[in-house]
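This note sets out some remarks on the model, as numbered points. They concern the fold of one chain and the interfaces between chains.

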Amino acid sequence: MSFKKTARTLPRVGDGPFFRRALIGIVLTLGALLILAPLLIIGVEAFSKGWQVYRDTILHPDTRHAIMLTVLAALIAVPVNTAFGVAAAWAITKFDFRGKGFLLVVIEIPFSVSPIVAGVAYLFVYGLQGLFGPTLDAYGIKILFAIPGIILASMFVTAPFVARELIPLMQAQGRDLEEAATSLGASGWRTFFSVTLPNIKWALLYGVVLCNARVMGEFGAVSVVSGNIRGQTNTLPLHIELLYHDYQAAGAFASASILALIAVFTIIAKVALERQGAGRVRPAANPAENAS
Amino acid sequence: MKIRLDHVVKTFQTFRAVKDVSLEIESGELVALLGPSGSGKTTILRMVAGLEFADGGHIYFGDQDATDIPVRDRGVGFVFQHYALFPHMTVAQNIAFGMEVSKVKRDKAAIQTRVAELLHLVRLEGLGERFPAQISGGQRQRVALARALAVDPKVLLLDEPFGALDANVRRELRRWLREIHTKLGITTLFVTHDQEEALDLADRVVILKDGHIVQQGTPEEVCREPKSAFVMKFLGDANMLPAEVRDGRAHVDGAVIEVSGIADGKAELYARPVDLDWAASGPGIPASIARVMDRPGGRRVIATTGSGVPLELDLEPERAVKAGDTGYVTLRRATVFAA
Amino acid sequence: MRRNVLPGLRLSLGVTLLYVSLIVVLPLAALVFKAASLGPQDYWQIVTSSRALASYRVTVLAALGATLFNLFFGLALAWVLVRYRFPGRRIVDAMVDLPFALPTAVAGISLTALFTTNGVFGSILDSYGIKVAYTPLGIMIAMCFTSLPFIVRTVQPVLEDLDPALEEAAQSLGGSDFAIFRKVILPLLTPALLAGVSLSFARSLGEFGAIIFIAGNQPMSTEITALLIFIRLEEYDYQAAAAIASVLLLTAFLMLAVTNWLQARALRYTRRS
């Protein structure tokens, strides 16, 4: 009788050692070239003119203003969007009503719409040639080429972010807990905060993190509605474009390095939240499910 | 095809699932591997199939050492516990799969004819174009069997074949599987944790516990001569009474029964509910009736002995007993094991 | 239909409908309204102008190329991440999200820096006579970058949940690795691949930030449709911008519909009779 140190297991499709190594090799090489290299080049270019230029760019009033504006946009757009996402998920998963499927499709629309199209669409609502533009202008309210426009456009592009994390999860959790809590006499708010929220907190945070990253990084939609006024309506991504076209490549990359850092933190937060189980609920119609 | 397992060992990480199992299955036999979960029965089945590799020992198919033959070349038909039907293929496509990917090329017409034959055999004519999601559990089970038979396996292996079905379907499919086995005569090994299923269906039952074979034999042998308290208990309801063996006799709360081959000292006496009877007067084990449960075939009585041991008795339907009666439990037959 | 017993329907549905109406539906309706106000003749003339047609051509071709590339690369990446264990796998898995997390403008300037003729990759490619930056190839590479995660992330969970018993069954029936992949695994991945492909394609059609830096933006050759809309805006030609934007919008809706239809078709076997 012989004992082997590691038990042999059944080789699955693609487990041949040559195929395996070749595929891992190809994928990692392409991944390094297409994903890792762009990240690394930001650091290289940002410091290409030395630490001093980097420091000067970051501390320049225009950059600081762009950072402030980006943060401000996120501080408003993300909480509003979160409230919407929670409301939408509650309505869709806890109740039955006609047109639910259609509502779901409408919520997802911003995912398939080009950010430029979104920006243009806002022009025709709040711009001078738009629906409300002339009226608003008469009252001296400025939405386009100002901060409100930036926030509205950000809200459009990120509308599905929180809702789409919550809906599949709350669908899977069902209504039993909430119905039990209500039958015990808890109010709606009480039920939400002490029964629902603890079960969805990681998924909620996950949606918030992704939403935040998108708001801070949004370029296309914002560039249409912001008016690109230096030191006034420039968010960080727009500021990068401005510097880049001003032939201040090092400055552009220095500003980009801040956003790249946020992106890296976003990914770290995402991984941490995934360990808590967020982002793991699978669509109901999973084709891989055994037919049994 | 005769199957022989020779000192087979399987270890998962540090857990030894199968410990030194040797077993022979004669050509054309229908054998059940019976045991509780974790007894290693499924691992043994999967090693015979080639879905797991033994860490030690050998598996022979006839005279050929099959230990290292990969599953795709081993020529076994395997029916998975949850059937593992390909959900994107119709019933007919599922059955045809093995013939289509085979190294032996068959033309389309031949495959179609064979699929029709198999659909007839498993009585699913007319369902060939359905998808697995569109048929019942029992039907899926039969599709899985037809798919496994399509490749003309030398050996048929079934993992908990009726586990996922409800009781009525299960009994019907059991009879039907037996018929198919009689018709085809293919060596068949199946795994179950349901003793009734094993006893109903198999020519021979192999009982496993903690990776060991504890007893094997025909259903009659294992029922009439259980070799251990575990087998006794696992095969059906059994009452246990602590006993004392002196001079070849077991003494239990006033009752005495002849035993052989058991040394003097403490022992355990096992009796099935039908092995016990109730009498208003002695001799017997003094007891009082705690509860009577009526069933279509008779009355199940729960009686508590003087020393507080609860016993279950099966009495005929017309026996007039009720809770609160006192009297004596008598032994028709019993099996004694040294404690 | 179940009776609704929980509280909060009015409030939550009210908030949802208000938000969706104001933030999503109203602007898109305004855009369609604006484009429709042009009249069919003018509309047709604008959306079929040679410059617009050239922009559709380069956008669609580059998006097709990028999606095709990502179909293979994304599937391979998902496969490697799910099926194999190797050092650094978790890091690679996390890095797949970088194109989603990295702002498009940042991606745009860094890809440009890599692929210009004096960049790290560009200089090497240039010595073989391949120009990437300021050509349609550059547009395609930017699209590859921004849409890569879609296919990986739609295929990965399905691959993870693939019942190992299906492959075991196929092996026990004598299937070779290639046959099992082609007849069992690939068909089961198809709905997810379709979903990923359509998301990836839609994203590529609409992408702006990552492309404009690397594209060169020459009318008739390297000017994408999203940029043409932007240029019309800067020229204060709002109607033309609306018309061309409506073309992109309709394409996006069409993509959604086609995808849903394809997916339903690919999943028809899961329907009970």
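1. Two residues are taken to be in contact if their C-beta atoms, placed from the backbone, lie within 7 Å. The model is predicted, with local features needing pLDDT of at least 70 and side-chain atom pairs counting only at pLDDT 80 or more, while totals for chains, interfaces and linings use all residues. Residues are numbered from 1 along each chain as its sequence is written, and chains are lettered from A and ligands numbered from 1 in the order in which they are written.

2. Between chains B and C, the contact involves 22 residues from chain B and 20 residues from chain C. On the chain B side, helix H2 (71-74), strand S6 (76-79) and helix H3 (91-101) are the elements giving two or more residues; helices (H or I, at least four residues) and strands (E, at least two) are DSSP runs, numbered from the N terminus. H3(B) contributes the most, with three residues. This side of chain B comprises 14 nonpolar, five polar and three charged residues. Here Ala, Val, Leu, Ile, Met, Phe, Trp, Tyr, Cys and Pro count as nonpolar, Asp, Glu, Lys and Arg as charged, and the others, Gly among them, as polar.

3. In the interface of chains A and C, 81 residues of chain A contact 87 residues of chain C. Helix H1 (residues 17-46) of chain A gives the most to the chain A side, with 17 residues. That side divides into 57 nonpolar, 13 polar and eleven charged residues.

4. Chain B contains nine helices and 20 strands. Its C-alpha atoms fill a box of roughly 80 × 45 × 35 Å along the principal axes. Among contacts in chain B between residues at least 6 apart in sequence, 65% join residues at least 24 apart.
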